[in-house]
Amino acid sequence: MNYQHILIPILMILVFLRNTSAIGIFFTRSPESLVAPLHDEVVFDCTLNIDVDYIKWRHNSSDFSYPAQSHTNTNSRLVVKVESIAETGDYQCVAIIGASSLASTAATLSLATLKEFDNRSLSSNENTFQITTGNTVTLNCGKPIQSDPPALIQYYKNGQPLPRTTPVSSAGSVLLKNIQPEHSGHYTCSATNNIVSRVVDSPMSINLNVHSNHVALSPRFLNKPQTLYIAQKNSNVSIECAPYGEPVPTVQWFGIHKNKLMNSNKTNIEPGLLTIRNLSIEDSGVYECNIENIYGKINYLITLQVQELPYVKNGPSEFVIINEGSSETLKCEAMGTPNPKIIWYLNGKPVNDSNIFVKGGILTLNNTQKYHAGFIQCFACNVLGCSYWAAMIQVNPKQITQLSSQQYNYEDSTTRSSPQRERKDRNHKGKGHKKDKKKKGNEMIPPSQPNVTRLTENSVMVVWSVPPNDGLQIRFFKLQYKEVKDNWWNTSSDDIQMHIRCYQVDKLLPDREYVFKVAAVYSNNDNKSGPTSKHFFLNKGPPNRTLIPPTLMSAKAVNSTSILLEWEYLNSVLAPVHGFYVYYRATSTAGDYTKAIVEGQNARTFVVTHLLPDTSYDLKLQSFTINEASNFSAILIHKTFGEPKTSTDTPKWTDNSVDSTSNNNAYSTIGGVRSLYVLLGAIVAIIGAIILLIFVTVCMYSKRSSAHSNSAELNKNSEAVSGLEPLSMNGFALKNGKMVNGCTLPIGSDSTHGHTHAPNGYVIHPINITNNPLAPDAKNTIEISYLTNHNNNCSENEMNSLPRRTLPIPTDTPRTWHSKDAKDENYV
C-alpha cells in the first residue's frame, strides 16, 4: 500500500510515547518573562526532557521574520538584542518531534521604564497636620504612572531616608506607630528604577507636627486608605486603616461574614494594620474597619480579591484515537481566579481550521483528516500566567482499494538556523562583565570556591564564604551555574544579600553534571567572580531522607533585629551531618525563605540577624551532608523586639555587616553572645584545671602514705591534727584516723566481732604547707591533714556514740584552720 508513508510516522510516534510515562513529553525549562533596558541582550531558554528534532521560536504568535536559533538537541536558547520597542512582546518556543509539534508557555519581554507620579493617586492635598501623641498614621507616596519593573519607593524625613525597618502595608504606605514629638518633621518620597538608573520624586510633601496638647478631634485619616487589595492565593496581605484623633480612636475589624476579627493563626491585628496569612479564595470579600472615639465614628469598607494561578483540572485523555472522516469532542476544565481563558493549540499553533469548532473549554473536531494527528493542547491563562494540558491525537486512515491520485506531502518550511551566541551576564545597568581590577588600592576580594549539596533531583544548595579582608564592601552576590558541557552560564535573577552565604538553585535537570560559581558586586558597581566549584553530578530520583531532622526547641528575641534559635539533634556515628540549614521569612509575606548555614554537627544554637524590628518570622531547620538534606523541622513563629527609642529626630538604619575577623559562620553570630560564651568557657577551664591539680596531688600523697601507714603513724597523724584547732569534716569528729560508714573511730580490736578491721572511711595524712616556699628554715611551716577515703553515711546515733577530743573546744572558738605556732595566720 502506498499510504504506508502516512502510517509509519504515526506508528513511530506511538512507539515513542509507549516508552514514556503518560504522554511522556514536557518542558523542563520554558521561556521566562524578562525586563530589560534598551541596547541590552536577553536570553530565553527552552529545554525538553527528550531529544527533539529541532526547536523554533515564535514572537507575538508569529514566526520570526529574521533567522532564529535552532538546535538538534534538547538545549536551545534565543538571544535577543533589545534595540527598540519592536523587540518587546511574547516569546514562545515550539519543539518539533517528527510530524508533530509541542508549544511552551509564552514569556513576555518588557522594556524597562519609569514615568512620573500620578497626582491623582494622592488622597490628600493638605500639607501640614497637627496630631497628638499616641496616634498611628500612614504616609502614602502614591504611584508612578508606569514603572517596569515596579519601582522601589523610598520615604524621607527632613531629607534623610527613613530606616527600612519602618513597617509598610501591601498598599505601599509607611506606618508611623505611636507617634511622639520626635516624629515631627517634613516627609517626602521618591521612586527608583534600578534597571534604568532613574529616580522620580513624588509630589507628596507633608509637614507633621506632633504635640501633647489634648485638643478634641473626631477620627480622620491623614491619607485615605486604599479600598481594593489584590493578592495571590497562599500569600499574606497587610491591609491598612490608621485613623488619628483626640482621644486616640479605637479600631475594630470585621470579616466578610460580619464576624469580629481577633489575633489568631489566620489574622494578626496591630495598630493601623490587619494582616491575613495564607490567603485562600474564601478570604475574598469586603472587610470593615470600625473606627470610633467620643467625638465621632467611621465605618470604612475595604475589598480583598484573592487571585489564583490557573491550572487545568481535567483535559482530554492522553491518547485520543479518531477515525478519519469522523467527529470527536474534547473537553478542558480549568480553574483559577480570575476565571482563566481557554486557548486550544494543535501542533504548536493556535487552532484555526474550518473543521474545528471551539467554544471555551469544548473543542469539536468535524470531518477529521490525517493532518489533524499530533499534539493537541489546551492553555488556561489569566492575569497571573498560563498552564496547559497536552494529549496526542491518532487518526486511523480510511481503508482504500485503489491509490488516490492526490499525494500528501507535508514539509515544514519554517526551519531556520543562526550561529549560537553566548549570553552575557549583566548588572542592573545592562552592562556586561568588566575585567577584575583594583581601583586606588581598593581590592575586590572574591568569594571562595562554593560547596554544593543535593536537595532534590532538581535542586541543590550552594554554600560559599568570603575571607576576612580590607577590600571594597560587597553590595550583593550573584550565583552562576551551567552544565559542564555548555559554554554559557546561567545567572540567578535574585540579588543575594551581602550577609547571606548560601543559595538554593532550582529547575535543574537530573543525571547531569554541573559547576557553580559566585560573583560579588561591590560598592563601586564592579563585580568579580570566585573560583568555579568542583564538578557536581545531580543524581536522579527522590531524596533519600535518611537524615533525621533537628528538633527546633525554642526561639528567643535577642534584640530588635535578631532571634536566637535553639534545637536538639541526636548525632549519628554512621551518618554524621556537616551542619544545619536555617530557613526564615517574615510571617506577613509568602515569598521564598532566606537561608543561612550553620556548620558543624555539634552546633545547637544560631542567631538569625538582619531582621526587621517588631516583626514575626517563620523559622525552620534542616540537617545536611554533602549528599542530601533532611526533612524540615516543625516551624516556629517568633517576633523580634520593637525598635528601641532614641533621642535623635532622625532614626538611621545600621547594617550588620560581616565581621572581617570571623570565620565562615561569623556572619550568623552576634558578638555579645559569642564573647559571653568564650568568657564562660575560659572560667570553667581554669576552675577545672585547679580542681584536677588538687586531685592529682591528693592521690599521689594518698598512694605514698597508704603503703607505709601503720597504727603508730596514725596516732602521730592524730597528734598532728590536734595541732590545728578545731578539726571538723562534714560535721563528724575524727579520732585516730579510723572511720566506719563515715564515722571516725579509734583503731583497735572490735569488741563485738573479736577481730581487727581496716578503716572504712577517710584516713588522715599530714601535708606541710609553707606560706613562703623560699624561707631558709621551717618556722613558717604548718602541718595539716587530709582524708584518703570517704563514705559519709554516719547516723546521728553513731555521731553521739563517738569519743570526743580530750581537749575541750571553747564555744567562742572560730571554726577555722589555725596554727598554734603561727600568729595571725589562717589557712582554709
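Residues are numbered from 1 along each chain as its sequence is written. Because the model is predicted, local features need pLDDT of at least 70 and side-chain atom pairs count only at pLDDT 80 or more, while totals for chains, interfaces and linings use all residues, and side-chain values use heavy atoms, with hydrogens and water left out.

The protein chain holds four helices and 57 strands, where helices (H or I, at least four residues) and strands (E, at least two) are DSSP runs numbered from the N terminus. Of its 828 residues, 44% are buried, a word that here stands for under 20% relative accessible area with a 1.4 Å probe, protein chains only.

Five strands form an open sheet with mixed pairing, in the order β29-β37-β36-β32-β33, and two strands count as paired if DSSP finds at least two bridges between them. The table lists the two edge strands, each of which pairs on one side only.

| Edge strand | Residues |
|---|---|
| β29 | 319–323 |
| β33 | 349–350 |

Within this sheet, strand β32 (residues 341–346) runs antiparallel to strand β36 (residues 374–382), and six bridges join them; Ile 343 stands opposite Phe 379 in β36.

Elsewhere, Thr 625 lies in the loop between β52 (616–624) and β53 (636–639), and Thr 625 is buried, with a relative accessible area of 11%. Leaving aside residues up to four places away in sequence, Thr 625 touches Thr 453, Leu 547, Pro 576, Val 577 and His 578, a contact being heavy atoms within 4.5 Å.

Notes
Buried < 20%, exposed > 50% of the residue type's maximum accessible area, 1.4 Å probe, protein only.
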